[in-house]
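This briefing is meant for a reader who is meeting the structure for the first time. Please look over the sequence and the model before going on to the points below.

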Amino acid sequence: MRIDEVELRLVRLPYRSPFKTSFAEEREKHAVIVTVRSQGVEGYGEGVMDPFPHYREECIAGAWHLLRNAFVPELVANGCEHPSQLVARWAGWRGNPMAKTALELAVWDCYARQQGVPLRTLLGGTRTEIPVGASLGMNTIPETVENVRRHVEQGYQRIKLKIEPGWDVQLLAAVRAEFPFIELTVDANSAYTLADIGVLREIDQFGLHYIEQPLHWDDMVEHAHLATLLHTNICLDETLTSPARVKAALDLGACSVVNVKVGRVGGLQSVREIHDMCVGLGVPMWCGGMLETGIGRAHNIHLATMPGFVYPGDTASASRTYARDIVEQALEATQGIMPVPEGPGIGVTLDRPFLNEVTEQTEVVRA
Ligand code: OSB
Ligand code: MG
């Protein structure tokens, strides 16, 4: 496909309530929204970098620079036969998976719209709806218990609690006292070290489905050691930045469950490789989230229709996070089931007045 132009937008929109994790308390979304235009058809992608590198190392300013001066000019100059080729074409620019993904996703969406098919069809996605859970930010214990109750009543199929040292065993005891049998997980976002083995062993007693990223955000070796000390499965998030890293983590025994975030692993083609590898090895996967706007959320829903995504993901209703979204479709789960947006590509259209309202910066690169 010939690429006529690419538009980069920096948007900023408020969360309905602050989202607190072991690494930050966030009140608003900053996202890079990429639009690719090709022969009268548009496609959209979303970058999940934050202004500052608290989750992984990428940040918005760096991503914008690379998109504007490396990936977009390369794409516009050379066009694209098929979106599956792009990441390999950009491999000479090392790392920066989130920045690459923002553009790659927009090309996939545009390509699917030109073919007149839903994105999930190009990915071999078989489902028309996906099971979802909810990730609950840190709060007081009574508020968290109420929050769990609300989400369980709404039918969310798995509840994930954010934890950190000093905010773990008591919280789990309170939640388990009220909900002994729900599918429950925790996400430490790298807040522990092996020196915390005592408390990690206590966390091991709560019948959790898995414990997500307990140790350092780039580590595999210590996670592999920890896996031998706990009964609970370890799921990696932050550490898994490419298909090769997923393979290494599985070879080492650093995790037995895989959280896939398309931005973190460098695009949909990487997701497909990870998917096929995990299916081949019988390793369960699920689709993580980064509190995306409707564009990134719709991409997540489509990719999670692939058959290897067997655990409920984090792609919950958009209205949990935003009072108003930048897409026109309401991406809402009912009884823990998220329908796939219908129509070509990712199946959403832009709420342009609101998008313009929340846009802080725009840049267009033409052929
Ligand atoms: O670790 O999964 C995470 C949000 C931002 C950054 C990292 C994470 C999260 C979430 C929220 O847990 C998932 C979502 O609701 O999108
Ligand atoms: Mg996580």
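A cavity, on a 1 Å grid over the protein atoms alone, is a set of points where a 1.4 Å probe fits but cannot get out, and a molecule sits in a cavity if more than half of its atoms lie within 2 Å of its grid points. By that definition, ligand 1 sits in the largest cavity of this predicted model.

**Surroundings of the ligand**

- Ligand 1 is surrounded by 15 residues, and the closest of them are Ser135, Lys162, Asp187, Asn189 and Leu291.
- Sorted by class, this shell around ligand 1 holds 7 charged, 5 nonpolar and 3 polar residues.

**Polar contacts and cover**

- Leucine 291 places a backbone N or O atom 2.8 Å from an oxygen atom of ligand 1, while a polar backbone atom of methionine 290 is 3.3 Å from an oxygen atom of the ligand.
- In lysine 160 it is an N or O atom of the side chain that lies 3.1 Å from an oxygen atom of ligand 1.
- On its own, ligand 1 has 390 Å² of accessible area, and the protein covers 97% of that area.

**Domains**

- The domain assignment divides the protein into domain 1, given as 5-116 + 349-366, and domain 2, given as 121-339.
- The centres of domain 1 and domain 2, taken over C-alpha atoms, are 23 Å apart, and the contact between them takes 35 residues from domain 1 and 46 residues from domain 2.
- Each of domain 1 and domain 2 contributes at least three residues to the shell around ligand 1.

Key: Residues numbered from 1 in each chain as written. Chains lettered and ligands numbered in written order. Predicted model: local features only at pLDDT ≥ 70, side-chain atom pairs only at ≥ 80, totals over all residues. Heavy atoms only, no water. Near = heavy atom within 4 Å. Polar contact = N/O pair within 3.5 Å; in protein donor to acceptor, adjacent residues only side chain to side chain. Areas by Shrake-Rupley, 256 points an atom, 1.4 Å probe, with all protein chains shown as cover. 1 Å grid on protein atoms, 1.4 Å probe; cavity = no way out; pocket = protein on both sides within 12 Å on 5 of 7 lines; lining within 4 Å. Nonpolar A, V, L, I, M, F, W, Y, C, P; charged D, E, K, R; others polar. Domains from an automatic or database assignment. Contact = heavy atoms within 4.5 Å.
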